[in-house]
Amino acid sequence: MNIKYLVELSNEEKSFLVYLIAKGKTSARKLKRANTLLMSNNRMSQDKEISLAFNVGTATIYRTKKQFVEEGLEAALNEGARSGMPRCLDGNQEALLIALACSKPPEGLCRWTLSLITEKLIALTELDEVSTETVRRRFKENDLKPWQKKMWCVGNMNANYIAQMEHVLDVYARPKNSAEPVVNFDEAMKQLVSDVAPPSPVKSGQSPRIDYEYKRVSVANIFMFFDRHRGWRKAKATQSKTAVDFAQCMKELVDEHYPDAHKIHVVMDNYTTHTAGSLYKAFKPEEALRILNKLEFHFTPKHASWLNMVEREIGNMNQQCLDRRIESWEMLHKELSAWEMRRNDEQASINWMFNVDGAREKFTKAYANINQS
């Protein structure tokens with residue numbers, strides 16, 4: 001018996017379908033079913049017209065109407081999952097694939113690739129062929145990416161590590177105080193290079209072209225100061241980062257950048273020049289002591305660069321200003337000054353969310369191990 005199903009959409013259902021089609025952010029199958037229902041509403045169009053308009057089979061049109069009448073709009077739009085083809089890999093073969101992904105790559109190679117691991121799987125099994133797409137899907141299902149490596153900057157979380165971490169986080173938690181500002185400090189490196197051949201200018205429909213060959217000019221060190229509360233940073237480019245250079249930065253911090261501060265809290269890492277002794281190498285004892293009396297150093301733990309806020313601002317500098325070829329010291333100083341001025345005018349800052357309570361919650365295992373020991 002050939003049953004004909006009459007589609008009668010309410011105003012709310014019709015509005016929803018029109019919105020769904022206009023938005024366009026859904027699967028093509030779902031859009032076709034939505035258009036089918038709209039054109040079938042109150043016998044507006046025949047099945048053949050719908051089939052020609054949206055390149056959809058009459059069987060699909062029939063099922064869509066039937067599901068709408070018998071089960072409702074949601075069932076008509078969301079067709080049930082298809083059985084599809086059987087999986088190419090059985091349980092044992094998939095387990096082998098995962099084991100390969102977690103193993104070391106062959107000698108002479110630094111990482112697995114999809115094609116390489118596919119070839120290895122075929123060699124170790126009775127499979128005649130496996131597509132790299134099948135391997136990719138199995139990796140996606142198991143959240144595996146053997147071609148990637150991530151660097152983790154949290155070191156050995158012993159008692160000293162946690163003590164230093166909590167101390168720095170406690171310093172960050174202090175409210176803004178112009179008499180005792182908190183300033184983060186670190187260094188970065190920038191290689192100065194010049195073009196061998198001049199780049200071609202931008203043309204309509206064509207990006208600027210830069211020759212792959214370049215000439216190394218020099219290597220610059222960039223000292224970076226960052227005050228989160230003030231929204232202030234200072235990028236100072238130097239030819240070296242010796243103890244004398246560090247001492248000069250501390251003198252400028254005290255005398256030029258914060259002359260009215262009673263005590264400046266400087267958060268930095270444990271680099272060899274970041275010591276009070278560096279000031280005695282650069283200045284006479286009286287001058288070194290005068291500067292040190294206005295400074296208080298706070299050191300992040302070893303392998304804990306993530307604790308230094310200035311690392312984020314260095315990342316902003318590299319991305320916004322230095323991600324290009326800079327050929328001279330003059331250009332470097334000029335560009336850094338312009339970037340620094342723009343960021344300071346905006347008072348761009350960081351919303352630091354990590355605190356002592358968060359550390360104790362996140363690193364519960366490390367804290368428990370310390371208490372047990």
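Predicted model: local features only at pLDDT ≥ 70, side-chain atom pairs only at ≥ 80, totals over all residues.
Reader: How do you know that the span of helix 1 is close to the expected one?

Author: Helix 1 covers residues 11-23, which is 13 residues. The expected span is 1.5 Å times one less than the number of residues, and for helix 1 that comes to 18 Å. From first C-alpha to last, helix 1 reaches 18 Å, so the span is close to the expectation.

Reader: Why is helix 6 called roughly perpendicular to helix 8?

Author: The axes of helix 6 (residues 91-101) and helix 8 (residues 132-141) cross at roughly 80 degrees and come within 11 Å. Angles of 65 to 115 degrees count as roughly perpendicular, so helix 6 is roughly perpendicular to helix 8.

Reader: Which residues of helix 6 and helix 8 meet?

Author: From helix 6, Glu94, Leu97 and Ala101 meet Val135, Arg138, Phe139 and Glu141 of helix 8. Sorted by class, this contact holds four nonpolar residues, three charged ones and no polar ones.

Reader: What makes Cys249 and Cys321 count as buried?

Author: Buried means under 20% relative accessible area. Cys249 has 0% relative accessibility, so Cys249 is buried. Cys321, at 3%, therefore counts as buried too.

Key:
Residues numbered from 1 in each chain as written. Heavy atoms only, no water. Axes fitted to C-alpha atoms, helices over the stretch in contact; angles between N-to-C directions. Helix = DSSP H or I, 4+ residues; strand = E, 2+ residues; numbered from the N terminus. Parallel < 35°, antiparallel > 145°, perpendicular 65-115°, else oblique. Contact = heavy atoms within 4.5 Å. Nonpolar A, V, L, I, M, F, W, Y, C, P; charged D, E, K, R; others polar. Buried < 20%, exposed > 50% of the residue type's maximum accessible area, 1.4 Å probe, protein only.
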